Amino acid sequence: MDFSREEYGLPAARLESYRGALFASLSDDAPPLRDYLGATAAGLDLALGDGDLIYLGSQKVMFECNWKIAAENIYDGYHTVSLHKAFQMLKIGAAWGEQRMADAASYGHAWQEYRAGAPEQTDMLRDTSILAVRSKDEPGNRILNIFPTGIISDQMDTLSLRFAIPRGVSATEMQFAVFARRGESDELIRHRVRQGSNLFGPEGFISLEDQTALARVHDGAPGRGDNVVLKGTLKRFPPYRVLDEAGIRHFYGAYRRALDIGTGGPGRCPTGAGE
Ligand SMILES: [Fe+2]
């Protein structure tokens, strides 16, 4: 019998780590992890610190949309203040934040930084403590997009790792894992657990709104005619603000390069921003 079990096993994944985060690839052609991360590694340094994190748990959210729309959602800072009520209550101005993309040689990663104001008590928000920042002195939030769907964020007292699993043309499973830094107090860890559900859980004040909006975008995407990304906040040159559309163009530029389908044609960015 000439059947060889070794020839039919699962392929071995290449595995590399960066500050405690493990990255796997099934491709022999993928570059070394440090080259792949490029300048985005500096953002991971800030978010992950020494990498000595405690896993607190994870939640799964199903989005009724294609995985690329779920990916867009993170590259796009414009919707955060127009869609998310919690961000409005925090008086977060997306225009205050900066979004960095590496040059055309990058692999499509992005790095957003924005500041949040202190929440004010209103009829809508009686208990401001649920949005208070307790984990650090500076009010900065940072979100790292690791192309295509990996997200590492240090945002509103959550340290999270997210990734998307396509479950069909119209279904994307998003996994949200949350962490604490080793040595943090029990009280802060309880707060981080609560914030993880408050923000990212299926009924969280980010996920709930995103689920609804992404399903509507997906339903509208097959409409006839040209689908052009145009939010009216086009900017030719960096620095890009979180609300500019350069992030989405950056994502689709990397997607087209990965699939070797070129960047010409009807969807081409008119300015080249983000490409
Ligand atoms: Fe969102």
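What is the volume of the largest cavity? The largest cavity has a volume of about 190 Å³. A cavity here is a set of points, on a 1 Å grid over the protein atoms alone, where a 1.4 Å probe fits but cannot get out. The volume is the space filled by probe spheres set on the points, which are joined across faces, edges and corners.

The model is predicted: local features need pLDDT of at least 70, side-chain atom pairs count only at pLDDT 80 or more, and totals for chains, interfaces and linings use all residues. Residues are numbered from 1 along each chain as its sequence is written, and side-chain values use heavy atoms, with hydrogens and water left out.

**Overall chain**

The protein chain has 8 helices and 10 strands; these are DSSP runs numbered from the N terminus, with helices (H or I) of at least four residues and strands (E) of at least two. Of its 275 residues, 45% are buried, meaning under 20% relative accessible area, where exposed is over 50% and partly exposed lies in between (1.4 Å probe, protein chains only). Contact means heavy atoms within 4.5 Å. Among contacts between residues at least 6 apart in sequence, 64% join residues at least 24 apart.

**Iron site**

The iron ion has protein donors from His79 (NE2), His84 (NE2) and Asp210 (OD and OD), at 2.1 to 2.5 Å. Donors are N, O and S atoms within 2.8 Å of the metal (3.2 Å for Na, K and Ca); water is not among the atoms, so sites may look incomplete. The angles among the 4 donor atoms run from 55 to 142°, and the site is irregular. Along the chain the donors follow the spacing H-x4-H-x125-D. Histidine 84, in the loop between α4 (78-83) and α5 (85-89), and aspartate 210, in helix α7 (residues 207-220), are 126 residues apart, and the pair links distant parts of the chain. Both histidine 84 and aspartate 210 are buried.

**Cavity and pocket**

The structure holds 4 cavities of 30 Å³ or more. Asp210 is also among the residues nearest the centre of the largest cavity, with Asn73, Ile74, Arg162 and Ile206. Elements that each supply at least two residues of this cavity's lining include α3 (67-75), α4 and α7. A pocket, by contrast, is an open set with protein on both sides within 12 Å along at least five of seven lines; lining residues have an atom within 4 Å of a point. The second largest pocket has a volume of about 870 Å³. Near its centre lie Ala24, Tyr36, Ile146, Phe147 and Pro148, and β2 gives the largest share of the lining, 5 residues.

| Space | Lining | Classes |
|---|---|---|
| Largest cavity | 20 residues | 9 nonpolar, 8 polar, 3 charged residues |
| Second largest pocket | 28 residues | 20 nonpolar, 4 polar, 4 charged residues |

Ala, Val, Leu, Ile, Met, Phe, Trp, Tyr, Cys and Pro count as nonpolar, Asp, Glu, Lys and Arg as charged, and the others, Gly among them, as polar.

Alanine 13 lies in the segment before β1 and counts as partly exposed because its relative accessibility is 43%. Its C-alpha atom is 4.8 Å from that of leucine 26. Arginine 34, in helix α1, is partly exposed because its relative accessible area is 46%.

Key: Four donors count as tetrahedral if all angles lie between 85 and 135 degrees; four count as square planar and six as octahedral if opposite donors are over 155 degrees apart and all others between 65 and 115; anything else is irregular.
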